[in-house]
Amino acid sequence: MASRPSSPPEAMLPPRSEVGVIGWLHANLFSNWFNTVLTLVSGAVLVLCLWFGLKWIFLIADWTVIAELGGRFLLGRYNTEAACSGQNCFWRPQAALIMVSLLMGAAWGLQGNRVARTLAWLVAGVSAAFAFLPYNLETMGLDVRVLLLLNLPAVPLGWALARYTPLGTGTRITMLGVAIFFLTLMLMRGLPGIAFLQPVSVVYWGGLALNLILAVGGITLSLPIGVSLALGRRSNLPVVKVLCVFFIEVFRGVPLIALLFMSQTLVPLAFPEDMPQNSLFRAGVVITLFSSAYMAENIRGGLQALHPGQAEAARALGLPGWQTTMLISLPQAIRNVIPAIVGQFIGLFKDTSLVYIIGMLDVVAIGRSFIQSNPEYLANARELFVFLALVFWVFTYGMSYVSGKVEEHLGVGRR
Amino acid sequence: MEIEERNIQQETEDIIICRDVHKWYGNFHALKGVSTTVKSGEVVVILGPSGSGKSTLIRTINRLEQHQRGEIIVDGIELSGDVRNIDAIRREVGMVFQSFNLFPHLSVMQNITLAPTKVRHWSKAQAEEVAMELLTRVGIPEQAAKFPAELSGGQQQRVAIARALAMQPKIMLFDEPTSALDPEMIKEVLDVMRELASSGMTMLTVTHETGFAREVADRVIMMDEGNIVEEAPPGEFFTNPKNERAQLFLSQIL
C-alpha cells in the first residue's frame with residue numbers, strides 16, 4: 001500500500017510557461033513543431049495579404065467611382081425626372097429615414113441598454129455624416145443636407161417619446177415600427193391626387209433602399225409565418241399538417257430565382273389583366289415566403305430539441321395547450337435557435353439582391369448598370385464591388401452583433 | 001357541529017377512484033386493470049420494480065397518459081376525452097417530476113407564479129405573495145430571483161414542489177422525486193414532503209425511498225407487471241408481506 005501524506009497538498013501556482021503572454025503564445029501558437037510551422041506559414045500569408053491589400057486600397061484603387069455613383073447607390077433611379085416628373089422627390093425617402101432614426105431612438109428609450117443606444121446613434125450619425133459630403137451645392141443641395149442632419153435630433157425625440165409619453169410600451173413601439181414601415185412605403189409610392197405626393201412607380205425604386213425595404217418586410221414577417229408553419233407541421237390535425245408540410249417543401253425545394261421568375265410571369269395570369277400590377281410587392285411576398293419555409297424548419301428543430309417534460313410540466317399545472325406553446329415551448333425553442341434564425345435573416349438580406357433578375361435595380365444591380373453605362377469607369381469595377389461587399393458586410397455584421405448581444409442578454413448557453 | 005361533520009365526511013371521501021384501468025403503449029400492456037381508491041388526506045406510496053407501471057399509473061391520474069379502458073374519477077370528475085374536464089382536474093392535481101422540469105427561461109419566482117396568474121387569474125402581487133410563502137415553506141426564500149440552472153438539484157426539486165403547491169391543489173403526485181438527486185440532497189426534499197404529508201395533503205408518491213414509505217405513508221401499494229400485487233399499511237407491508245412478488249422485491253431492496 002502506498003503511503004499518503006497526512007495533510008492534503010498545498011495548492012500550487014501553475015508552471016510559469018503556462019501563464020502570461022509567454023504561456024499564451026506557447027499554448028496557442030507554438031505548442032508543438034506542427035503548430036509552430038502552421039503559425040509561421042499563416043503569419044506569412046497574413047502579412048502578404050495585408051501588404052498587398054492595404055497597398056491596393058490606399059495607393060492603387062481609384063475610389064472616385066463611388067463618389068460619382070453618389071445618391072443612386074442609395075435610391076437607384078427614384079429621384080429622376082422619369083420617376084418623379086416635374087418635382088423633386090428626394091425628401092420622401094429622407095423623411096422615411098428620419099422616422100427610422102426616431103424609431104431607433106424610441107427603441108433605445110424603451111430598452112435603455114447600451115446596444116440600442118449605440119445602434120440608434122450609429123444610424124443617425126452615419127446619416128447625418130452624409131450631410132458633410134464634399135459635393136458642391138448643385139449636386140447635393142442644402143435642403144438635402146438639412147434633412148440628413150435632422151436624423152440627429154430624431155433620436156433623442158424618439159427616446160423622449162418612449163420615456164415620457166404613454167407610447168413607451170413594447171407593444172406600442174412595435175406598432176409604431178409597423179406604422180413607420182407602411183408610412184415609408186406610402187411616402188415612397190406616393191398618393192394619386194395629392195400634388196406633393198405624386199406617385200412614383202415601383203420600377204424606379206432601387207438602390208440600397210430597395211434591399212432594405214425587402215429585407216425589413218421579409219424579416220419581420222418570416223418569423224411569425226415560420227413559427228405558424230412550424231407549429232402547423234407539428235399539429236395533430238392531419239389537414240393542417242399536410243398543408244404546412246406541402247408549403248414548406250415546395251418553397252424550400254424551389255430555387256429563389258425560379259420563384260421570383262414565377263412571381264412575375266405566372267402569378268399575374270391568375271389575376272384580371274387590368275388589376276394594378278406591383279412587381280415589388282410580389283417579389284417581397286416571394287422572398288418572405290421562401291424565407292418562412294426555412295424559418296419553419298429552424299423553429300421546428302428548436303421545438304424538437306426541447307425536453308418533453310417541459311410541456312408536460314406546463315400541462316400538469318393546468319395551462320391550456322396554446323398557453324403551453326406560447327409561454328413555455330416557443331420561447332425556449334426560439335432562444336435555442338437564435339443563431340440559425342439570424343443566419344436565415346442574413347441570408348434573406350443578401351438574397352434581396354436577386355431581384356435584379358426580374359428587372360429591379362437593387363444596390364448591386366445599380367452598381368453594375370452604372371459601370372455598363374459609363375465605360376470610362378470599366379476599370380474601376382473592382383473598387384465598386386469591394387465597396388458593395390463592404391456595405392453588405394456592415395449590415396450583416398450588425399445583425400450578427402445584435403443577435404450576439406441578445407443571446408448574452410437571454411443567457412443562452414448558461415440557463 | 002354541522003360543519004365539523006361535513007369536514008369529517010370530506011376527509012373520508014374517496015378523492016381518487018380507479019376502476020379496472022387499462023393502458024397500452026402500442027401492443028405493450030402497461031396497466032392491466034388497476035383498481036384502487038385514495039381517500040382525501042391519505043398518503044400513498046407506490047413501490048415496485050422498474051417497468052411495473054408505477055409512473056404510468058400516477059400519470060394517468062392527471063392524464064399525462066391516457067388510459068384506454070376502465071374509469072378514473074378524480075375529485076368527483078371523471079377523466080374522459082373532454083378537454084375542459086382534463087384542465088379542471090389538472091388545476092386540482094399538482095405533480096412533481098423526477099427531472100424537476102422547471103422552466104429554464106423563467107426565474108424561480110416566475111416559475112411559481114406562472115400558473116396561478118395565467119390559469120387562476122390571480123393578480124401578480126397576490127401570486128408573488130403566495131409564492132414567497134411557499135418558498136419559505138420549502139426553505140429557500142432567498143432564491144426567488146435566481147434562475148433554475150443556478151440552483152442545486154435539491155433546491156430545484158423544492159422549487160418544483162412550491163410551483164405545484166402554488167395552484168393550491170387537493171392532490172399531489174410525486175413521480176420518483178428524489179431519484180435524480182445526490183444522497184445529501186434527497187433528505188432536504190424528503191423533509192419537505194414529510195412536512196407536506198403531515199399538513200394533511202393527499203399524496204401519491206412513486207419512490208424507492210422505503211424509509212420514507214415506512215415513516216410517512218398511510219398505505220403502501222406494490223405494483224408488478226402492470227398490476228397491484230399488494231396493498232397494505234407500511235407496518236404490515238414491510239414486516240409481513242403476503243404476496244410472493246412483494247417478498248422477493250423487499251428481499252432485494254432491503
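This is a predicted model: local features need pLDDT of at least 70, side-chain atom pairs count only at pLDDT 80 or more; totals for chains, interfaces and linings use all residues.

Visitor: What box do the C-alpha atoms of chain A fill?
Guide: Roughly 100 × 65 × 50 Å, along the principal axes.

Visitor: What share of chain A is buried?
Guide: Buried residues account for 39% of its 415 residues.

Visitor: What about the accessible surface of chain A?
Guide: It comes to about 23,600 Å². Carbon and sulfur atoms own 71% of that.

Visitor: Which domains does the assignment give for chain A?
Guide: There are two entries. Domain 1 covers 65–80 + 204–415, and domain 2 covers 84–200.

Visitor: How many residues does each domain of chain A put into the contact?
Guide: Domain 1 of chain A gives 15 residues, and domain 2 of chain A gives 15 residues. Their C-alpha centres lie 23 Å apart.

Visitor: For contacts in chain A at least 6 apart in sequence, what percentage join residues at least 24 apart?
Guide: In chain A, 72% of those contacts do. The figure for chain B is 66%, again among contacts between residues at least 6 apart.

Visitor: Let's switch to chain B, then. How many helices and strands are in chain B?
Guide: Chain B has 10 helices and 10 strands.

Visitor: Why call chain B as compact as a globular protein of that length?
Guide: Its radius of gyration is 18 Å, and the globule rule gives 18 Å for 254 residues. The two values are close, so chain B is as compact as a globular protein of that length. The C-alpha trace of chain B spans about 55 × 50 × 40 Å along its principal axes.

Visitor: What are the buried share and the accessible surface of chain B?
Guide: Buried residues make up 55% of the 254 residues. The accessible surface of chain B is about 11,200 Å². Of that, 47% belongs to carbon and sulfur atoms.

Visitor: Down to single residues. Where does Thr56(B) sit?
Guide: Thr56(B) is in helix 2 of chain B, residues 54–61.

Visitor: Is Thr56(B) buried or exposed?
Guide: Thr56(B) is buried: its relative accessible area is 10%, and the cut-off for buried is under 20%. Leaving out residues up to four places away in sequence, Thr56(B) touches Lys23(B), Tyr25(B), Ala30(B) and Leu31(B).

Visitor: Next, Ala162(B). Which helix holds Ala162(B)?
Guide: Helix 6 of chain B, residues 153–165. Ala162(B) has 0% relative accessibility, so Ala162(B) counts as buried.

Visitor: Which residues does Ala162(B) contact, neighbours within four places aside?
Guide: Ala162(B) contacts Ile112(B), Leu134(B) and Val138(B). Ile61(B) is another reference point: 101 residues away along the chain, with 20 Å between the C-alpha atoms of Ala162(B) and Ile61(B).

Visitor: And Arg194(B), where is that?
Guide: Arg194(B) lies in helix 7 of chain B, residues 183–198. At a relative accessible area of 25%, Arg194(B) is partly exposed.

Visitor: What does Arg194(B) contact, leaving aside neighbours within four places?
Guide: Phe212(B), Glu215(B) and Val216(B). Phe212(B) is 18 residues from Arg194(B) along the chain, and their C-alpha atoms are 8.0 Å apart.

Visitor: Buried or exposed for His121(B)?
Guide: Exposed. The relative accessibility of His121(B) is 63%, and the cut-off for exposed is over 50%.

Visitor: Last one. What is phi of Gln168(B) near, and where is Gln168(B)?
Guide: Phi of Gln168(B) is near 50°, also positive in a residue other than glycine. Gln168(B) is in the loop between helix 6 and strand 7 (171–175) of chain B.

Key: Residues are numbered from 1 along each chain as its sequence is written. Chains are lettered from A and ligands numbered from 1 in the order in which they are written. Side-chain values use heavy atoms; hydrogens and water are left out. Helices (H or I, at least four residues) and strands (E, at least two) are DSSP runs, numbered from the N terminus. The radius of gyration is taken over C-alpha atoms; the globule rule is 2.2 Å times the number of residues to the power 0.38. Buried means under 20% relative accessible area, exposed over 50%, partly exposed in between (1.4 Å probe, protein chains only). Contact means heavy atoms within 4.5 Å. Accessible areas come from the Shrake-Rupley method with a 1.4 Å probe; for residues, only the protein chains shown count as cover. Domain bounds come from an automatic or database domain assignment.
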